[in-house]
Each structure stands twice: as C-alpha cells, then as structure tokens.
Amino acid sequence: MKTKKAIFKLERVYERLLVVSLLVVLLVSLSSCCILMVLAEGSSLKVVVPVKTEAELRVAVSDATEPTTIMLSDDIALTGSLDISANKDITLTSNREEFFKLIGADNASTIVINDGGLLTLAGIRVTHDTGFIGRGVTVSGGKLVLSDGEITGNNGVFGGGVYVFYGSVSMSGGTITNNTVSAEGQTESANMAQSANNMQHSGGMHHSGDMSSDSVVGAGGGVYVGYDGFFSMSGGAIANNTAALDGGGIYVDTAGSFSMSGEGVIANNTATRHGGGAYANTGSFRIAGSAVIANNKATHRGGGVNMNAGPFSMGGGVIANNTAGTGGGVYMSFGSMGIMHGGEISGNTAIGTAEISGGGGVYNEGLFAMYVGVITNNAAYNCGGGVYNNNNFELSDKGEIYDNTALKGNNVYHYNTSMNGYVVPVVTMALLSGITGGIFWYFKNKRK
C-alpha cells in the first residue's frame with residue numbers, strides 16, 4: 001500500500017515538472033516570435049512586443065488585434081510614416097529609462113494616426129534627423145495620448161510637433177519641445193494634402209479635402225489644432241518651439257479647441273509675428289487649474305496668448321513673464337470674447353511704442369470680462385500697464401488690477417474712438433476700487 005502511494009506521489013511530481021517544462025518551452029517560443037503575454041491587473045492578458053528594427057515594428061503594429069504595448073529596444077529609423085489605423089490600440093515605450101528614438105523619414109510625419117486609431121506614447125522620442133523635414137505626429141481622426149516621452153526636433157510648414165484635425169490629443173505628461181515651422185513651401189505639405197484627399201470618416205463624411213489649403217503655413221511650432229480638433233493638456237510641457245509666423249507653442253484654427261489645466265506648462269516658445277505661447281484663430285482657448293503660460297515671446301501681438309475672434313476663458317493658472325509689442329500677456333482682437341474668472345496675469349511686458357500699442361497684461365479690442373482674478377506687476381512701454389481697453393471691458397468687485405506700470409495709464413488705459421458719431425469702447429465696473437490708481441481715459445475724435 002505504501003509503495004502504491006509513493007508511486008502516486010512520484011507521478012504527481014513528474015506531471016508538475018512536465019507542466020513547468022511545457023510553460024518554459026512556450027515562453028521561449030513566444031519570446032523568439034517577439035511576443036510576450038503578461039498578466040495585468042484583473043488577471044487579463046496584455047500583449048507586450050519587444051522590437052529593435054523597422055520591420056519588426058511594422059509587423060507588430062499590423063498584427064495587433066487587441067491593446068498592444070510595443071517596446072523599443074533600440075533606436076529605429078523609418079523609411080516612411082508609421083500608420084496607426086482604425087481599431088488599433090498601440091502603446092509605444094522603451095525598455096530602458098532613457099528614451100529610444102523613433103526617427104521619421106524625410107518629408108514625412110514620423111507617425112500618422114488615422115480615423116479610429118489610438119496611440120499612446122509612454123516613453124519614446126519621436127523625432128527627425130538634423131536636416132530632415134517632417135512633423136512628429138499627425139492625428140487624422142484618431143486619438144493620441146501622451147503620458148511620457150518627447151516629441152522633439154521635428155519641422156514642417158504647420159504643426160511642427162503635432163497636427164490634429166478631426167481627432168483628439170490628451171497630454172498628461174512628456175514634452176513637445178524644440179520643434180519648428182517655416183513659411184516656406186515644403187514637400188511634406190503636398191504629401192499630406194494628397195493623403196487628406198483620400199481620408200474619410202465612417203459613414204461617408206469626408207475630411208476637408210486639401211488640408212494644406214486651409215491650414216496656415218508657418219503656424220504652430222509645437223502644436224497645430226485644426227478643424228474639429230481637440231487638444232486637452234493636464235500635464236507635461238510645450239516648450240522651446242518656434243513659428244515663422246503665428247503660434248510659437250500652439251496654433252488653434254477654426255472649430256479647433258485647446259484646453260489646459262492641472263500642471264500643464266507652455267513656456268519659452270517664440271513667434272516671429274503673433275502669439276508667442278498660443279494663437280487662436282477663431283478657435284477656443286481655455287486655461288485653468290495650476291497651468292502656466294510663461295516666458296514666451298512674440299514680435300508683434302500676444303506674447304502669452306493671441307485671440308483672433310475666438311473665445312478665451314481663464315479660470316485659474318498663471319500667464320506670466322511673456323513679451324510682445326502689444327498685449328504682453330494676452331491680446332484680444334475685435335470679435336474675441338474673454339472671460340477671466342480666476343488666475344493671475346503678471347510680470348508681462350508690452351514693448352511697443354506706437355500710439356495704439358500697450359497692454360502689458362491684456363490688450364483688449366473685443367469683449368473682456370474680469371469677474372475674479374488678479375492683473376498685477378505688468379508693464380507697458382507706452383499705454384496700459386495692466387489693461388489697454390479699446391472696446392468693451394467689464395470688471396467685477398472680485399477682480400483686482402494693481403501695481404502695473406506704463407507711460408500712460410499704469411493700471412488701465414481706456415482708448416476712446418468714434419464710429420459714425422458713436423463712441424465704441426465701454427468700461428463697466430462694479431467697484432472702481434478694484435483698480436488701484438483709477439483709469440486713464442483717452443478720447444479721440446469724439447463727437448459732442
């Protein structure tokens with residue numbers, strides 16, 4: 001009897017050894033095929049694919065039928081754009097702390113995310129070699145999630161780092177930095193225009209034909225948010241980007257939307273013309289939370305933000321230490337609508353010296369309502385250290401404007417002009433005490 005029990009136990013041991021051996025063989029086999037199945041939270045399997053060549057990368061993307069993490073184990077130079085198509089859910093990361101590079105081909109976007117595709121960047125560097133032309137990521141109806149890593153060293157004619165239209169970008173970490181756009185025609189715009197003509201939404205709704213004809217050349221050094229595009233930023237940084245014309249950091253075009261909150265930062269970007277940090281061309285721009293727009297520069301208008309006939313909302317955050325000829329912090333053009341219900345605009349400078357230049361903190365030609373918040377320590381070489389108003393400005397008893405400096409109107413400069421006999425600009429205030437030092441009123445061509 002004891003002998004039978006011993007034999008039974010021995011058989012069980014052999015069975016377990018056999019199972020373990022089979023598992024080892026299976027893992028080795030899977031590893032040789034560059035596919036690993038790892039146990040994730042909730043006991044569900046997650047596909048992890050290590051790659052070190054372009055061929056392996058393209059096969060891994062093509063073969064992905066479920067959420068797949070592709071782990072770069074070396075720098076990879078592409079011969080053409082890496083396409084993320086519909087129903088793909090891809091995460092790109094590196095197998096080391098230092099990011100491996102995904103290097104784009106000349107005259108092409110490094111990555112293109114098409115309608116219905118989802119790409120998460122979680123620890124790689126999307127770039128181009130020196131002398132090459134091409135954007136970092138094009139989002140065409142799909143979705144990009146940036147949680148870690150860099151989009152850097154790319155250049156094109158609009159949207160040097162990222163261009164999104166009919167799609168969305170969610171940025172919670174990582175950086176979009178050192179990207180540029182020029183005002184000169186480049187092959188990439190023609191290539192992307194052709195691809196745009198071939199793209200459709202499901203249900204037969206076409207994307208807007210030649211997107212290069214509608215997009216502004218020389219705009220959006222870091223990011224270009226095009227038609228029906230949405231960019232949400234809750235962390236990370238868009239920094240040190242350059243635009244030949246408008247929107248050093250970000251350009252938001254018609255029907256586009258940009259929203260920043262949390263710990264997001266837009267800093268040290270440069271625009272040769274308008275909108276050092278951001279330029280919104282009838283698109284919407286929102287800042288809230290602890291977000292920061294700082295140390296950006298524009299030659300002409302809107303060192304921090306330039307609003308061109310679009311809605312602007314500030315519910316928190318800081319716009320500080322930006323510089324422009326007019327509207328050091330924020331420039332609001334005719335047709336723009338701005339609401340400030342929190343946050344601070346401080347330390348900005350308007351360096352223009354012409355008669356209608358100024359607005360160290362805010363230059364307003366649209367409608368600007370300040371319900372809550374602070375505008376302080378801004379400076380203008382000419383008029384309106386805090387606010388230069390040339391249209392409609394409303395200030396509540398919870399808005400504070402103080403300790404700003406200018407040649408005329410340290411805190412608020414109100415410029416009155418006439419149109420067909422009617423004075424256009426209006427200032428409405430619940431409490432004049434909200435403005436320390438009062439208002440400098442300038443009347444020009446006013447009929448009695």
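Student: What is the mean pLDDT of the protein, and what percentage of its residues reach 70 or more?

Tutor: The mean pLDDT is 84, and 76% of the residues reach 70 or more. pLDDT is the predictor's confidence in each residue, on a scale from 0 to 100. This is a predicted model, so local features need pLDDT of at least 70 and side-chain atom pairs count only at pLDDT 80 or more, while totals for chains, interfaces and linings use all residues. Residues are numbered from 1 along each chain as its sequence is written, and side-chain values use heavy atoms, with hydrogens and water left out.

Student: Where does pLDDT stay under 50?

Tutor: One such stretch is residues 17-34, which has six contacts in the model beyond four places in sequence. A contact means heavy atoms within 4.5 Å. Over residues 441-448 the pLDDT is also below 50, and that stretch has 19 contacts beyond near neighbours in sequence. Where pLDDT is low, the predicted coordinates should not be read in detail.

Student: Okay. How many helices and strands does the secondary structure come to?

Tutor: Four helices and 46 strands. Helices (H or I, at least four residues) and strands (E, at least two) are DSSP runs, numbered from the N terminus.

Student: And what share of the residues is buried?

Tutor: Buried residues make up 52% of the 448 residues. Buried means under 20% relative accessible area, exposed means over 50%, and partly exposed is in between (1.4 Å probe, protein chains only).

Student: Let's take a helix. Which residues are buried in α2?

Tutor: Helix α2 covers residues 54-63, and E54, L57, A60 and V61 are buried there.

Student: Why are they on the same side of α2?

Tutor: Because they cover an arc of only 130 degrees around the axis. The arc is that of the directions from the helix axis to the C-beta atoms.

Student: Which exposed residues are on the face turned away from that side?

Tutor: A55, S62 and D63.

Student: Now strands. Which strands does β34 pair with?

Tutor: Among them are β30, β31 and β37. Two strands pair if DSSP finds at least two bridges between them. Strand β30 (residues 311-314) runs parallel to β34 (residues 337-346), and four bridges join them. Strand β31 (residues 318-320) is also parallel to β34, with three bridges. With β37 (residues 367-376), β34 pairs in the parallel sense over eight bridges.

Student: Which residues are bridge partners there?

Tutor: P311 has M337 in β34 as its partner. A320 stands opposite S346 in β34. I345 is partnered by I375 in β37.

Student: Switching to aromatics. How many aromatic pairs are there in the whole structure?

Tutor: The search finds 16. Rings of Phe, Tyr and Trp (its six-membered ring) pair if their centres lie within 6.5 Å; planes under 30 degrees apart count as stacked, over 60 as edge-to-face and the rest as tilted.

Student: Is Y363 buried or exposed?

Tutor: Y363 is buried, with a relative accessible area of 1%. Y388 is buried too.

Student: What else does Y363 touch?

Tutor: Not counting residues up to four places away in sequence, Y363 touches several residues, including T326, V330, Y331, I356 and N390. Y363 and N390 are 27 residues apart in sequence and 7.9 Å apart in space, C-alpha to C-alpha.

Student: Which rings are linked into a cluster?

Tutor: Ring pairs link F158, Y163, F165, Y166, Y224, Y227, Y251 and Y279.

Student: Last topic. What is phi of N240, and where is N240?

Tutor: Phi of N240 is near 60 degrees, a positive value in a residue other than glycine. N240 is in the loop between β19 (237-239) and β20 (242-243), and is partly exposed, with a relative accessible area of 36%.

Student: And D403?

Tutor: Phi of D403 is near 55 degrees, again positive in a residue other than glycine. D403 lies in the loop between β40 (392-402) and β41 (405-408).
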